[in-house]
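Here's a quick tour of some aromatic rings and their surroundings. Have the structure open as you read.

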Amino acid sequence: MKSRLILLAAFALTSVAIAQGGAFDEVNAWRRAAGLPQLIEDPAMTEFAKRKAEYRAARGLKNGHQGPSVPAGWTEGCGEATESWGWLTCATECDFRYAGAGLAIGADGERYMVFVGRGGSGRALIDPNRYPIIKTSHLTPKPLRVAASRVTSRVADSTPKRCPKCGRVH
């Protein structure tokens, strides 16, 4: 009886976690749909990605890898787009084993996404210029909304630039 109760409680907690979803779930759903292996979540990486997503969203930083730098040995991908695009960062398609992901909604209504990975070479498993757009935004139903920052510093040149890591414009 006791073991059944423990199993029932574990199932209930797992079901709640799956129903709530999150940015990391979006990344793995995107990878599944693209035929790539699942990643193992690193809580420290997810925490960093969440903080960086909030930082970028609060300041409207749209020129790629702006904001706090990732620790040595980690690779990041940053992106921003409306909800209809789903998950959209570079490095999501790479050969990492461990990862974290964060998402915040800016005052402009866009989703600011950050992916961080480690435990691989950083080699793309599919061509980053040809990978599919996979709708995943339903997995993070209530991402954090960040108010416009009181910090007035903005990037002087707002023209889109190619990401030095992946070559895409974001």
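Let's start with Phe 48, which sits in helix α3 (residues 43-59); helices here are DSSP runs of H or I with at least four residues, strands are runs of E with at least two, and both are numbered from the N terminus. This is a predicted model, where local features need pLDDT of at least 70, side-chain atom pairs count only at pLDDT 80 or more, and totals for chains, interfaces and linings use all residues. Residues are numbered from 1 along each chain as its sequence is written, and side-chain values use heavy atoms, with hydrogens and water left out.

**Around Phe 48**
- Phe 48 is buried, at 9% relative accessible area (buried is under 20%, exposed over 50%, partly exposed in between, with a 1.4 Å probe and protein chains only).
- Leaving out residues up to four places away in sequence, Phe 48 touches Pro 68, Ser 69, Val 70, Pro 71, Trp 74, Glu 76 and Val 116 (contact means heavy atoms within 4.5 Å).
- Phe 48 and Val 116 are 68 residues apart in sequence, with their C-alphas 8.4 Å apart in space.

**Aromatic pairs**
- There are two aromatic pairs (rings of Phe, Tyr and Trp, using Trp's six-membered ring, with centres within 6.5 Å; planes under 30 degrees apart are stacked, over 60 edge-to-face, the rest tilted).
- Phe 48 and Trp 74 pair edge-to-face, at 5.9 Å centre to centre and 80° between the planes.
- Trp 74 is buried too, at 18% relative accessible area.
- Phe 96 and Phe 115 make a tilted pair, at 6.2 Å centre to centre and 45° between the planes.
- Both Phe 96 and Phe 115 are buried.
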